[in-house]
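Please look through this structure with the report below at hand. It is written for a reader meeting the structure for the first time.

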Amino acid sequence: MRDQDAWLCFADESGQMLRPPKARTWSPRGHTPCVSVRAAGSGRISLAGVVCRKAGQRTRLIFRMLVHHGRKGEKKGFRERNFALLLDAAHQQLGGNIVLVWDNYSHHVDATMRELIGKRPWLTVFRFPTYSPDLNPAEGVWAHLKNSLGNLAPCSIDDLAGLARTRLKKARVVGAAVGDGSAGGVRHGGSLRIGP
């Protein structure tokens, strides 16, 4: 990787519906708090992101979002072409070769994706072992996002998309989530903080 002067990138996908994830909150003893949710409709947001790391550079998060309103014929998730566009955007923003590590999701390993990867000489791909989300720092980004969306009840899928976009743009990876440059590697138990 250092010979190629490449960025080490970890990719992952996530999604969120209008129903908020469970979260802790405060309430007086004996009064269980309730968050009213208007879950009418079948909308959801799909997210794909890349956490990028290079020695001597700040860690970067590059993501894309698809909003599904539940309409007939609407795309319901990221496909190979969407992943390729995300990787192209990462390559353009980072300005160098990329060593990508991602999971064995079906759209990552099929023939169409292999063909798209083959057309990108600046891209080298490795896969995580099966059932190993704890090795992927991008999982921590999604966990942080879902935790920050807990106990919120957006009125529409567009409101949810706006909240998720704002939180991801403000998120800054702190040294514990991805190596801090001195160690040069990935560490576990990371955290994110929301910037000002």
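The model is a predicted one.

**The cores**

Start with the largest nonpolar core, which has 23 residues. Cys9, Leu94, Ile98, Leu100 and Trp102 have the most contacts inside this core. Several elements give two or more residues to it: β1 (7-17), β2 (44-53), β3, α1 (80-94), β4 (98-102) and α3 (111-118). Helix α1 gives the most, with six residues.

Take Leu100 as an example. Setting aside residues up to four places away in sequence, leucine 100 touches Cys9, Ala11, Leu87, Leu123, Thr124, Val125 and Phe126.

There is also a second, separate core. This one has 16 residues, including Ile45, Phe63, Leu149 and Ala161.

**Helix α1**

Helix α1 has 15 residues. From its first C-alpha to its last, α1 reaches 21 Å. That is close to the 21 Å expected at 1.5 Å a residue.

Which residues in α1 are buried? They are Glu80, Asn82, Phe83, Ala84, Leu86, Leu87, Ala89, Ala90 and Leu94. Just after α1 comes glycine 95, with a positive phi of about 70°.

**The salt bridges**

How many salt bridges does the structure hold? It holds three.

| Aspartate 88 | Arginine 120 | 2.7 Å |

Lysine 54 lies in the loop between β2 and β3, and aspartate 5 in the segment before β1, so the pair ties together parts that are 49 residues apart in sequence. Lysine 54 has a relative accessible area of 16%, so it counts as buried. Aspartate 5 is partly exposed, at 48%.

Next is the salt bridge between aspartate 88 and arginine 120. Aspartate 88 belongs to helix α1, while arginine 120 sits in the loop between α3 and β5 (123-127), so this pair ties together parts that are 32 residues apart in sequence. Aspartate 88 is partly exposed, with a relative accessibility of 27%. Arginine 120 is buried, at 10%.

Glutamate 115 has a relative accessible area of 48%, so it is partly exposed. Lysine 119 reaches 55% and is exposed.

**Histidine 68**

Where is histidine 68 found? It is in strand β3, which covers residues 60-68. Is histidine 68 buried or exposed? It counts as buried because its relative accessibility is 5%, and the cut-off for buried is under 20%.

The side chain of histidine 68 has two polar partners to look at here. One is the side chain of serine 46, in a polar contact of 2.8 Å. The other is the backbone oxygen of lysine 75, which the histidine 68 side chain reaches at 2.5 Å.

Now leave aside the neighbours of histidine 68 within four places in sequence. Histidine 68 is then in contact with Gly43, Arg44, Ile45, Ser46, Glu74, Lys75, Lys76, Gly77 and Ile157. One of these, Ile45, is also part of the second core.

How values were computed
Residues are numbered from 1 along each chain as its sequence is written. This is a predicted model: local features need pLDDT of at least 70, side-chain atom pairs count only at pLDDT 80 or more; totals for chains, interfaces and linings use all residues. Side-chain values use heavy atoms; hydrogens and water are left out. Helices (H or I, at least four residues) and strands (E, at least two) are DSSP runs, numbered from the N terminus. Buried means under 20% relative accessible area, exposed over 50%, partly exposed in between (1.4 Å probe, protein chains only). A polar contact is a pair of N or O atoms within 3.5 Å; within protein, one must be able to donate a hydrogen and the other to accept it, and residues adjacent in sequence count only if both atoms are side-chain atoms. Contact means heavy atoms within 4.5 Å. A nonpolar core is a set of buried Ala, Val, Leu, Ile, Met, Phe, Trp, Tyr and Cys residues joined through side-chain atoms within 4.5 Å. The expected span of a helix is 1.5 Å times one less than its number of residues. A salt bridge is a side-chain nitrogen of Lys or Arg within 4 Å of a carboxyl oxygen of Asp or Glu.
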